[in-house]
Amino acid sequence: MSALTQPEDDFKARLDAGLWWKLFQRALRMKRHLVPLCIAAVVIAACEAGYAHVTRWVIDAVVRDGADAPLGLHLAAYLGLTAVLSVGVWVFIEKAGNLSNRLAHDIRRDGFDRLQELEFAFYDTRPVGWLITRLTSDCDRLARIMAWGFLDLVWGTSFLLMIAASLLVMNWKLGLIVIAIVPPLAVVSKYFQRKMLLSAREIRRTNSQITAAYNEAIQGVRTTKTLVREAENLAEFSRLSTRMFDAAVLNARQNAVYFPIVTTLGSLAAGLALWRGGVLVGNEAMSVGTLVAFVNFAGQFFFPINQLAQKLTEMQGAQAAGERVMGLLSTEPAIQDNATVRARLAAMAANPPTADLAPDGLPARIATVEFRHVTFRYATGPVVLEDFNLTVRAGETIALVGPSGGGKSTIASLVCRFYEPVSGQILINGIDYRERSLAWLQAQLGIVLQTPHLFKGTVRENIRYGRLDATDAEVEAAARRVNAHDFILQLEHGYDTPVGEGGNRLSSGQRQLVSFARALLADPQIFVMDEATSSIDTETEQLIQRGLQTMFAGRISFVIAHRLSTIRRADRILVITRGRIEECGTHEELVRRRGHYYELYTSQFQREREEAVLEGAAPEPFQK
């Protein structure tokens, strides 16, 4: 779906008061910034209204007394207003900036915290870019609108009320004539602000597409040239550029029409005040100073109305962003501790458990993991596992093989409680794992994936990520046990060598060895290998093979692998087909059975022998 048709980009015709109230409640937590901001806005509005009254008094004094008019008091009032206005402007800039940045900080922090709490299923249907946008541009946009929009709302409303009150007090009839311009001015401002916002959004969206097109064209330039696609690419880019041009011209035309209309309406109000006021001055029913104040106020009327209309339109445009951000913050994890577990955790926190007890008050040692009549399907899709049963004891290594989509990775994800069964139970030591602490269970996991993720930093820091309080000696011991120590010492700075973004300064095999050391350092009770050797070279696989027995010793281990050489020594090998166990046994038992596993093993063995001959290596003998 293109950026132009994303439903989340739809313009909201009405403001959702409940949504903005929730956001405002966050601002209310920062009263030491919000209250001075509100006071500064009112003070600034009063000062700006006060200038017209001082001017009125000065003119009336000069008309009445000529050169002998006592202007000292008026000058003092003018200077006083200027001083107060300067302080007010400083306060609102300082407080609005503080409020905006603090709101953005708090929303980003809470959003990041919530993302870490949410289950894997949440990420299955949401692209990474969607989530990043929530915590960056959407968050910043809402924070700016809440801070600066609140300022404009208080200032604009206060200024309008003060102008209206001043006009009605000075001459209510003439004041009503000027105020009569407000409704059409508000309607015009709201209409054009909405139109200009939509065209501006079109410009931003098309600009994003142009940027993406540039990036894609540069990255794929070799493919473009080899397929002689230059003309077609240029035509596609020209359509985007034309759309950008049309939107920009439309926005410019809207501005060109809107501002003259606003200026004309403001001038009309001032003209009416001047016409009617001039008659009153001629009849000595109004002073010259009052007339000047009327014209001044009439000319100023359009500015706060324009600002309020603009902020209202911005809030309408930002409402989708607000819904996305608040929706994220209000999303409750589908997988979390129930009330009983939370109560036990609280009780144990008050009385710390002994070493043989977990933080939830139940045994810390995992002796068995059991699948009992487990059925599972993802949010969208068919049943993946159906009436699945399996019991694994501490020290056992279970290998999972079979066709893609058969349910192997799902079994591992269910063990880790990244997902939960639709029906049935997964038991730890005979207790449903939904009655155990989620944080405790996942702290007992050691997981190595097909494509390990390394964080920006050194090799040592990435291994220590498995246990942050580990000493350097413990980090190096973990690396030795998985045969990673030797290659690390050969790096430029040994354990202190930066791995680069995503580990791009290391080979895929080196990254895998570091991830094994990281998992081992955490000393997990449940170990999961998901295709961890499928994308590495034979030499690295042999290093890993020699370290696997260390990894598996005393642990419950699940190994998913297409390379069957990785799983020959497993205690049990399960052939998983369409969510069911088709075959189960040791390597020797399954080979002798000559079923599905035998077919997989012999076909893969033949390929490995052919590769070994081509590489000039001695082929491995067939193991029955």
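The accessible surface of the chain comes to about 31,600 Å², by the Shrake-Rupley method with a 1.4 Å probe, where for residues only the protein chains shown count as cover. Carbon and sulfur atoms hold 58% of that area. The model is predicted: local features need pLDDT of at least 70, side-chain atom pairs count only at pLDDT 80 or more, and totals for chains, interfaces and linings use all residues. Residues are numbered from 1 along each chain as its sequence is written, and side-chain values use heavy atoms, with hydrogens and water left out.

Of the 624 residues of the chain, 45% count as buried. Buried means under 20% relative accessible area, exposed means over 50%, and partly exposed lies in between (1.4 Å probe, protein chains only). Contacts are heavy atoms within 4.5 Å. Among contacts with a separation of 6 or more, 75% join residues 24 or more positions apart. The secondary structure comprises 21 helices and 10 strands. These are DSSP runs, numbered from the N terminus: helices are H or I with at least four residues, strands are E with at least two.

Axes here are lines fitted to C-alpha atoms, for helices over the stretch in contact, and angles run from 0 to 180 degrees between N-to-C directions.

Strand S7 is joined to S6 by 5 bridges, and the two run parallel. Leu445 stands opposite Ile526 in S7. S7 (residues 526–530) also pairs with strand S8 (residues 556–560), again in the parallel sense and over 5 bridges. Here Phe527 faces Ser557 in S8. Asp530 stands opposite Ile560 in S8. S7 is largely enclosed by the rest of the structure, because 5 of its 5 residues are buried. Both faces of S7 are covered. Ile526, Val528 and Asp530 are buried on one side, Phe527 and Met529 on the other.

A second open sheet has 4 strands, in the order S2-S1-S4-S5, with antiparallel pairing. Its edge strands are strand S2 (383–393) and strand S5 (431–432), each pairing on one side only. Strand S4 (residues 423–428) pairs with S5 in the antiparallel sense over 2 bridges. Ile428 stands opposite Ile431 in S5. H13 lies across this sheet as well, over strand S1 (368–377), S2 and S4. The angle of H13 to S1 is about 120°.

H13 is largely enclosed by the rest of the structure, because 7 of its 8 residues are buried. These are Lys408, Thr410, Ile411, Ala412, Ser413, Leu414 and Val415. Just after H13, Arg417 takes a positive phi of about 60°.

Leu590 is found in helix H20 (residues 587–593). Leu590 counts as buried because its relative accessibility is 0%. Beyond neighbours within four places in sequence, Leu590 contacts Ile573, Glu583, Cys584, Gly585, Gly595, Tyr597 and Tyr598. Leu590 lies 16 residues from Leu574 in sequence, and their C-alpha atoms are 9.6 Å apart.

On the surface, Val63, Val288 and Val292 form a nonpolar patch. Together they have about 220 Å² of accessible area. Patches are made of residues with over 30% relative accessible area and no salt bridge; like charges are joined within 9 Å, nonpolar side chains (Val, Leu, Ile, Met, Phe, Trp, Tyr) within 5 Å. A salt bridge is a side-chain nitrogen of Lys or Arg within 4 Å of a carboxyl oxygen of Asp or Glu. Val288 is found in helix H10 (residues 288–300). With a relative accessible area of 34%, Val288 is partly exposed.

Key: Two strands pair if DSSP finds at least two bridges between them.
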